[in-house]
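Hello,

Here is the structure I said I would pass on. My notes on it follow below the entry.

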There are 4 protein chains.
Amino acid sequence: MHNKNIRVHSDEVTKATYNALERRHVTIEDIAEIVFTMQSPYNEGLTIEHCIQSVVRVLNKREVQHAVLVGIELDELAEKRMLSAPLQAIIEADEGLFGVDETLALGSVFTYGSIAVTTFGHLDKQKIGIIEKLDTKAGESVNTFLDDLVGSIAACAASRLAHRMRDLEEEGGTFADIP
Amino acid sequence: MHNKNIRVHSDEVTKATYNALERRHVTIEDIAEIVFTMQSPYNEGLTIEHCIQSVVRVLNKREVQHAVLVGIELDELAEKRMLSAPLQAIIEADEGLFGVDETLALGSVFTYGSIAVTTFGHLDKQKIGIIEKLDTKAGESVNTFLDDLVGSIAACAASRLAHRMRDLEEEGGTFADIP
Amino acid sequence: MHNKNIRVHSDEVTKATYNALERRHVTIEDIAEIVFTMQSPYNEGLTIEHCIQSVVRVLNKREVQHAVLVGIELDELAEKRMLSAPLQAIIEADEGLFGVDETLALGSVFTYGSIAVTTFGHLDKQKIGIIEKLDTKAGESVNTFLDDLVGSIAACAASRLAHRMRDLEEEGGTFADIP
Amino acid sequence: MHNKNIRVHSDEVTKATYNALERRHVTIEDIAEIVFTMQSPYNEGLTIEHCIQSVVRVLNKREVQHAVLVGIELDELAEKRMLSAPLQAIIEADEGLFGVDETLALGSVFTYGSIAVTTFGHLDKQKIGIIEKLDTKAGESVNTFLDDLVGSIAACAASRLAHRMRDLEEEGGTFADIP
Ligand SMILES: [Ca+2]
Ligand SMILES: [Ca+2]
Ligand SMILES: [Ca+2]
Ligand SMILES: [Ca+2]
């Protein structure tokens, strides 16, 4: 059934990615705030608007979009109890030694280099902003994959800014020079 | 819903992993044959039995078991057309730029070091044995994740053998000395 | 001695990267030929010129440049027998279980996604073009790191082209439309 | 010069690894203390002795030993100003966007799974114990690679303990049951 001719257009994938995050109540601004918290100490003139732009750029990447779609799908299937045993129980309970959520998120993180990897690890331990909320969410919701996906997007956006900062410095500027 | 007390016992996870592979018609011997093809030129005295033992050891690892369970779950859900759009179409068509299958498989591969990573990459291009069959499988079956999982297990088992071979050499032996 | 104010300008790092490759007798064209061999079956209208452009783009990335500088430095120090024991002997002999050369190269490969990782693994086994020559180089030269660096740059450039190809298709074009 | 017959025995590589750490004034106890700080909140009955044993096991792995030897070699060469420009200046200044130190360390970290990766990232930001001292070391010493290597060994040892803890729980025990 490898029908490689029937392909999904990238615009459709992008739209589905934004829809999935919205359905799980995660906004671009939520992610941008984590980025701002991480990067503002090192980046003179950095605004929340720069962080939003960086998050949007990260969310335009194919690898990131595919990871978001798969991770949120698994969280939602677990919520509906549609996974088979014992995977249903493992994902539902967000078991500490289940690492597929981190592995999936790391795929995108690697594409933004070693700064992204260490930032992702830090966010995994120091749950900042929306990540904290997702981790402690009550009731029936399952966010086993979502917290790592949000950490991954934030880590990628933070790494992008760190590299841009350096380029700006070489040109004698700072983020304050960028609208 | 982070009920960290209700945990799935590792024996149950191991059993589910073997069941999942059996359900998808992949045997330990199939994977061991790929390992034998890859490693026999470099390992004097290596038998298919050594390869089977190595595959079994790899399949006992938690990270590998979790990856197998998640990947096969996604293939089976895609076969039943139970994924949401556009993910259903992407996984069903095994799109070339969809890389979540490789990312998931690489999580385990990394735990066996750089030899495993290069062997996995090689198997991805030179589809050997059962991997070839999975890739060209006709009809309604979806093996988008399974071919990478099999490649991953084979690459891990091959890397284990390469490291053991070196230990044997230092002791003045070869695989021929092992029953 | 963390004098973070005295920084090396990125133009200087770029220049040093090109000089290092030239000193080791690896040309952009050598690497582009590997890319062309790998990608031309899948990319209608692809020319060696497209491959050269892709290699140049990869070589402009900071992570790639740093890996090239460190790897070639270690090869050259080993040639001059300036490393301490037992590292000198390990690198000189290009030991099969020494994986730091692959690890260093993989750092850049990861930034180009999972296609780059599998392509790198394939090139590690099927030594194509200049990689073959480096691997069998006679005399006193040490290329333990260089062959992996070349494979890494080629794999990154091939992955870039695969992603661009897809973008072109969505716009209804091929590489034949690009000068 | 690929003389694959003259091989360095693994005992010699192990000894050189311990010597290198000693020469750089890093003890097994220093690393074990980081592990204890990270893991004691989650592991009932964990003692510093368990952490020492875990660090020793990590230091016995080939991939870890090779990374330690290469990283410390580069730090020591930089101290002696024996690297070529501009690499000498980049490593000496421990430039923030130089990521080869993290990449080298991550090679070993990956072999201990996703918990090791996130722990490594956390240690990179929250410099604990000896890592803090290495980062702020005065005078002529260069520890650009060493701080990441120490973080890597600690992260691997912590991940080993987390997995062992789970095995103990399944058998109804805790670390308090282990001498
Ligand atoms: Ca999670
Ligand atoms: Ca696949
Ligand atoms: Ca090599
Ligand atoms: Ca460092």
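Between chain A and chain C, 15 residues of chain A are in contact with 15 residues of chain C. Please keep in mind that this is a predicted model. The two chains bury about 1,500 Å² between them, and 33% of that area is on carbon and sulfur atoms. On the chain A side, A:Arg62, A:Arg166 and A:Glu170 lose the most area to chain C, together accounting for 37% of what that side buries.

C:Arg7 forms a salt bridge with A:Glu169, with 2.3 Å between the closest N and O atoms. Counting residue pairs in polar contact, both at pLDDT 80 or more, gives 12 between chain A and chain C. Helix 4 (62-79), helix 7 (113-125) and helix 9 of chain A each supply at least two residues of the side that touches chain C. Helix 9 gives the most, with five residues. By class, that side of chain A has two nonpolar, six polar and seven charged residues.

The other item is the calcium ion (ligand 1). Its protein donors are A:Asp101 (OD), A:Thr144 (O), A:Asp147 (OD) and A:Asp148 (OD), lying 2.3 to 2.7 Å from the ion. A:Asp101 in helix 6 (residues 100-110) and A:Asp147 in helix 9 (residues 146-170) are 46 residues apart, a pair that links distant parts of chain A. The donor spacing in sequence is D-x42-T-x2-D-D. A:Asp101 is buried, at 3% relative accessible area, and A:Asp147 is buried at 9%.

Regards

Methods: Residues are numbered from 1 along each chain as its sequence is written. Chains are lettered from A and ligands numbered from 1 in the order in which they are written. This is a predicted model: local features need pLDDT of at least 70, side-chain atom pairs count only at pLDDT 80 or more; totals for chains, interfaces and linings use all residues. Side-chain values use heavy atoms; hydrogens and water are left out. Donors are N, O and S atoms within 2.8 Å of the metal (3.2 Å for Na, K and Ca); water is not among the atoms, so sites may look incomplete. Helices (H or I, at least four residues) and strands (E, at least two) are DSSP runs, numbered from the N terminus. Buried means under 20% relative accessible area, exposed over 50%, partly exposed in between (1.4 Å probe, protein chains only). Contact means heavy atoms within 4.5 Å. Buried area is the accessible area (1.4 Å probe) that two parts lose on being put together, summed over both. A salt bridge is a side-chain nitrogen of Lys or Arg within 4 Å of a carboxyl oxygen of Asp or Glu. A polar contact is a pair of N or O atoms within 3.5 Å; within protein, one must be able to donate a hydrogen and the other to accept it, and residues adjacent in sequence count only if both atoms are side-chain atoms. Ala, Val, Leu, Ile, Met, Phe, Trp, Tyr, Cys and Pro count as nonpolar, Asp, Glu, Lys and Arg as charged, and the others, Gly among them, as polar.
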